[in-house]
Amino acid sequence: MSENWTATLSEEGSEEVLREQGTRAAETPQRLSMLERVRNAARLLERDDHGNQIGLSPKRFY
Amino acid sequence: MANSPRWVRQFYFLSLSEESHLDEIELFPLEGTPPYDFRCNRDEQNVFLHTRAHSDQRDGFSVTYLAYYKGVTAGYMTLAMDAVPLQTKEKPRSDIRIVKFPAVKLAQLAVDHRWEGRGLGKQLVALAAAIALRLRLQVGCRYLTVDSKADLSGWYESQEFKVNKIARKEQEQRAAHSGVEVESLPISMRLDLFSLLADLHDRYRSDFPDQP
């Protein structure tokens, strides 16, 4: 967790969000696996970007 | 493995249950007639793909993506825009007056019965999250949502989704009035993309330089 994100939530966030934040900070294997999958997915979207910002080419996605 | 017969290499790949094989999967937006070879163990998803996916996409209601492995349809997902109502305690900040928050809905997610248990569903959720994360830069998008079957809510929770309490309460009230068993109704859930992005930023800063 970055400190800025934590500070924002501490000042303005709800208790539930702070609890959720605590879960994220634990970095469970499940969470880490998901982060890796999303990172890989984002890279694949980038790969087929060809200048298209959204990354949804008409036919082939990646 | 490079000199192994083709079927051995293929078995080797298939026996690896999950996580690192997204490169092997190709994802295409649906075009024309849906593939006849797809069959999952949930009739609703089979019916949607074969009868509604194309017309819904044509009419701008959703977009369906087909996941292929070596030319065979292994699964699909359908995405649409959504707006999710949240309780004050569920909101990103308690001072926000917005009632419904922008989201991308994972409207359908299905894996062919021959592919169950190999992690494809998780990969498709990750792809949906990655698409939603990109859309947030163009239109604003905070959550990835799903209406989960009751028996799948645990699986979605394992993918970091949380139950939307307002939506669930409304469902329970409607069910009580109409005599429907609430357990039979889908469960509205959400994945906070900014929570995800904060962790992605911390862990993979070169890929996710922008901090939420």
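# Reading the labels in a predicted two-chain model

Trainee: Why is Gln171(B) called buried?

Mentor: Its relative accessible area is 11%. Buried means under 20%. The value of 11% falls under that limit, so Gln171(B) counts as buried. Keep in mind that this is a predicted model.

Trainee: Where does Gln171(B) lie, and which residues does Gln171(B) touch beyond four places in sequence?

Mentor: Gln171(B) is part of helix H5 of chain B, residues 165–178. Setting aside residues up to four places away, Gln171(B) touches Leu185(B), Pro186(B) and Ile187(B).

Trainee: Which residues of H3(B) and H6(B) meet?

Mentor: From H3(B) come Ala129(B), Ala132(B) and Leu133(B). They meet Leu193(B), Leu196(B), Leu197(B) and Leu200(B) of H6(B). By class, this contact has seven nonpolar residues, no polar ones and no charged ones. Ala and Leu both count as nonpolar, so the names explain the tally.

Trainee: What makes H6(B) mostly covered?

Mentor: Eight of its eleven residues are buried. Among them are Leu193(B), Leu196(B), Leu197(B) and Leu200(B). The list also includes Ser195(B), Asp199(B) and His201(B).

Trainee: What caps the N-terminal end of H6(B)?

Mentor: Asp192(B) does. One of its side-chain oxygens lies 3.0 Å from the backbone nitrogen of Phe194(B). The limit for a polar contact is 3.5 Å, so 3.0 Å passes on distance.

Trainee: Arg136(B) carries a charged side chain by class. How do you know whether Arg136(B) counts as buried or exposed?

Mentor: By its relative accessibility of 15%. That is under 20%, so Arg136(B) counts as buried. Arg136(B) sits in the loop between H3 and strand E5 (143–148) of chain B. Its side chain reaches the backbone oxygen of Leu133(B) at 2.5 Å. Leaving aside neighbours within four places, Arg136(B) is in contact with Cys141(B), Phe194(B), Leu197(B) and Asp210(B).

Trainee: Why is Pro85(B) called buried?

Mentor: The relative accessible area of Pro85(B) is 16%. Under 20% means buried, so the label holds. Pro85(B) belongs to strand E3 (residues 72–85) of chain B. Beyond four places in sequence, its contacts are Val99(B), Lys100(B) and Ile166(B). Pro85(B) and Pro102(B) are 17 residues apart in sequence and 9.2 Å apart, C-alpha to C-alpha.

Trainee: What makes the phi of Glu160(B) worth a remark?

Mentor: Phi is positive, about 80 degrees, yet Glu160(B) is not a glycine. Most residues other than glycine have a negative phi. Glu160(B) lies in the loop between helix H4 (153–158) and strand E6 (162–163) of chain B.

Trainee: Why is Glu160(B) called buried?

Mentor: At 14%, its relative accessible area is under 20%, so Glu160(B) is buried.

Trainee: Now the whole chains. How many helices and strands are in chain A, and how many in chain B?

Mentor: Chain A has three helices and zero strands. Chain B has six helices and seven strands. Of the 62 residues in chain A, 42% are buried. Of the 212 in chain B, 48% are.

Note on methods: Residues are numbered from 1 along each chain as its sequence is written. Chains are lettered from A and ligands numbered from 1 in the order in which they are written. This is a predicted model: local features need pLDDT of at least 70, side-chain atom pairs count only at pLDDT 80 or more; totals for chains, interfaces and linings use all residues. Side-chain values use heavy atoms; hydrogens and water are left out. Helices (H or I, at least four residues) and strands (E, at least two) are DSSP runs, numbered from the N terminus. Buried means under 20% relative accessible area, exposed over 50%, partly exposed in between (1.4 Å probe, protein chains only). Contact means heavy atoms within 4.5 Å. A polar contact is a pair of N or O atoms within 3.5 Å; within protein, one must be able to donate a hydrogen and the other to accept it, and residues adjacent in sequence count only if both atoms are side-chain atoms.
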